Amino acid sequence: MNQKLISEFEELLGKSRVLSEKEELLCYSYDAASKDFMPDVVVFPLNAGEISKIVKLCLKHDTPVVGRGSGSGFSGGSLPLKGGVVVSFTKMNHILEIDEENMFVTVEPGVINADLKSYLADKGYFYPPDPASYEFSTIGGNVAECSGGPSAVKYGVTKEYVAALEVITGDGEIINTGSKTVKDVSGYNLTQLMVGSEGTLGLFSKITLKFLSKPEANSLILVSFDDKDKGFKAAISLLKLRNKPSMLEFMDKSSIESVKSYFKSDIIKIEGAFLFIVEADGSQVEVDKSNAEYKKILKEFSPVFLFSSGNEEEKRVIMEARKAISPSLRKYGDLKINNDIAVPINKIIETLSFIEGVSKTYNIPIINFGHFGDGNIHVNIMLNKDDIDMVERGEKAKFEILRKTVELGGSLSGEHGIGLEKKEFMKLKYNDYYMNILKNIKKVFDPQNIINPGKIF
Ligand SMILES: Cc1cc2nc3c(=O)[nH]c(=O)nc-3n(C[C@H](O)[C@H](O)[C@H](O)COP(=O)(O)OP(=O)(O)OC[C@H]3O[C@@H](n4cnc5c(N)ncnc54)[C@H](O)[C@@H]3O)c2cc1C
């Protein structure tokens with residue numbers, strides 16, 4: 001790396017906010033995708049002015065610059081593919097303002113999702129987006145990936161909550177998008193363009209989010225069916241309700257088998273061919289009413305097991321079963337190809353049956369679970385990393401599953417993004433004309449292609 005650039009950063013930020021020793025850089029060379037790339041330098045800005053100056057120095061030295069929250073991304077978004085500068089947002093972790101009358105909160109991008117949730121919960125409010133990484137992922141990373149979680153079925157994903165952004169573009173200019181209003185149609189919606197842009201259009205320095213009132217209570221149902229079609233029909237009936245569930249997680253037979261041998265409980269049974277965890281939330285009266293209605297509907301489809309609870313300990317046990325899926329997979333292999341496809345809800349069964357076929361054809365375990373109400377399936381292709389033939393079969397299986405997803409009108413990624421992991425598959429869904437539109441949008445915000453180059457395309 002250009003020593004001059006490092007000295008200029010040190011002058012701008014002070015030595016304590018610039019890392020350039022190999023041992024220090026290693027910590028910023030990987031994320032939750034299984035690849036690593038070394039940055040040349042890591043910098044820790046405190047505000048938009050500093051980020052703007054960092055980007056302008058990178059422009060002057062024609063050096064890539066990549067934003068990084070907690071590095072928990074599954075698609076390699078925060079990896080410095082071409083070396084250069086990693087901008088860590090960990091020191092920009094303050095909640096700046098709460099506007100209780102309008103119900104908006106403005107935060108720095110390095111605020112951890114869980115910290116925002118608990119800050120708001122203490123005041124009786126609720127920030128719904130709940131990626132499973134909420135205890136350690138940042139709001140900046142959540143916005144860049146448009147993260148979602150179980151509550152998306154009722155409350156939507158991150159994009160539903162982002163009202164305004166302060167962004168430093170690839171020119172080093174600071175722009176402010178959006179407003180604290182419910183309605184805003186003044187020009188193109190640059191706020192929503194930034195959401196899910198995977199850190200390729202600019203770096204967020206301030207994020208204004210909508211929040212809601214906290215639901216008073218919740219209850220959970222764990223229910224399983226011996227037949228996929230029965231389970232599907234039962235779940236669709238719940239989704240059609242006006243008071244639809246606030247969570248509708250599913251495990252297919254492969255996940256049920258995986259969890260069964262790993263998770264033991266005296267209270268619940270993990271069995272059947274299709275299993276759901278259903279949540280009702282709201283006031284206590286609403287929860288009781290919804291829970292009774294959900295149970296009545298589910299029973300019409302003859303479940304093999306149904307357990308319902310509003311008790312904290314029992315609810316914890318139900319959620320433990322859900323959390324047990326990932327650790328239970330380890331017995332199938334030490335390498336996981338993790339896909340987070342999304343399909344129209346009425347194509348979930350066809351997709352799962354197709355994946356079962358792919359698993360048999362390539363003789364590899366493929367375990368599926370996910371967010372039924374969003375059609376978002378986590379497809380886990382389990383491999384042994386030393387078995388080269390198996391790894392090749394795994395890659396072919398991934399390709400076939402993604403091709404089928406697109407054929408069924410689905411999306412290559414429901415929540416993890418394209419990043420490095422899926423960029424070669426974008427052509428399955430989009431033609432050259434479409435890809436050029438994306439590339440031209442990137443050029444407008446980042447004419448010198450220095451902001452997170454090599455991602456998405
Ligand atoms: C165990 C585990 C469970 C997970 N569960 C879920 C889940 O349920 N749902 C889900 O959606 N995801 C999930 N993820 C993926 C991941 O946590 C999310 O994508 C998360 O939003 C990433 O946040 P981060 O702070 O770690 O961002 P990073 O991984 O550091 O960065 C992600 C992207 O955001 C960009 N970025 C970061 N900060 C900024 C900024 N200030 N300005 C511009 N760009 C920025 C980076 O350049 C990169 O492209 C999970 C990951 C793990 C490891």
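# Exercises on a predicted model

**Exercise 1.** Determine how far helix α3 should span, and compare this with the distance between its end C-alpha atoms.

*Solution.* The structure is a predicted model. Helix α3 covers residues 48-60, which makes 13 residues. The expected span is 1.5 Å times one less than the number of residues. For α3 this gives 18 Å, and the end C-alpha atoms are also 18 Å apart, so the two values agree.

Next, consider burial within the helix. The buried residues of α3 are A48, E50, I51, I54, V55, L57 and C58. As a general point, an α-helix has 3.6 residues a turn, so residues three or four places apart point the same way. Finally, D62 follows α3 and has a positive phi, near 45 degrees.

**Exercise 2.** Identify the residues that touch the most other members of the largest nonpolar core.

*Solution.* The largest nonpolar core contains 108 residues. Those touching the most other members are V43, I54, V65, V87, L209, F276 and V278. A second, separate core has 5 residues, including A33, F37, F74 and L79.

Take V43 as an example. When residues up to four places away in sequence are left out, V43 touches F9, L13, R17, V18, I54, V85 and V87. I54, one of these contacts, is also among the buried residues of α3.

**Exercise 3.** Describe the shell around the ligand and state which domains it lies between.

*Solution.* The ligand is surrounded by 35 residues, of which the closest are G69, G77, G140, G141 and G199. Two or more residues each come from β3 (65-68), α5 (139-145) and β10 (202-210). The most come from α5, which gives 5 residues. By class, the shell holds 10 nonpolar, 20 polar and 5 charged residues.

Domain 1 (3-88) and domain 2 (95-213) both contribute to this shell, and therefore the ligand lies between them.

**Exercise 4.** Classify N363 and N449 as buried, partly exposed or exposed.

*Solution.* N363 has 9 other C-beta atoms within 10 Å, and so it is exposed. N449 has 16 C-beta neighbours inside 10 Å and therefore counts as partly exposed.

As for location, N363 lies in the loop between α13 (348-362) and β17 (366-371), whereas N449 lies in the segment after α16 (432-445). Although not a glycine, N363 has a positive phi of about 55 degrees. N449, likewise not a glycine, has a positive phi of about 50 degrees.

Methods: Residues numbered from 1 in each chain as written. Predicted model: local features only at pLDDT ≥ 70, side-chain atom pairs only at ≥ 80, totals over all residues. Helix = DSSP H or I, 4+ residues; strand = E, 2+ residues; numbered from the N terminus. Buried ≥ 20, exposed ≤ 12 C-beta atoms within 10 Å, placed from the backbone. Core = buried A, V, L, I, M, F, W, Y, C linked by C-beta atoms within 7 Å. Contact = placed C-beta atoms within 7 Å. Near = placed C-beta within 6 Å. Nonpolar A, V, L, I, M, F, W, Y, C, P; charged D, E, K, R; others polar. Domains from an automatic or database assignment.
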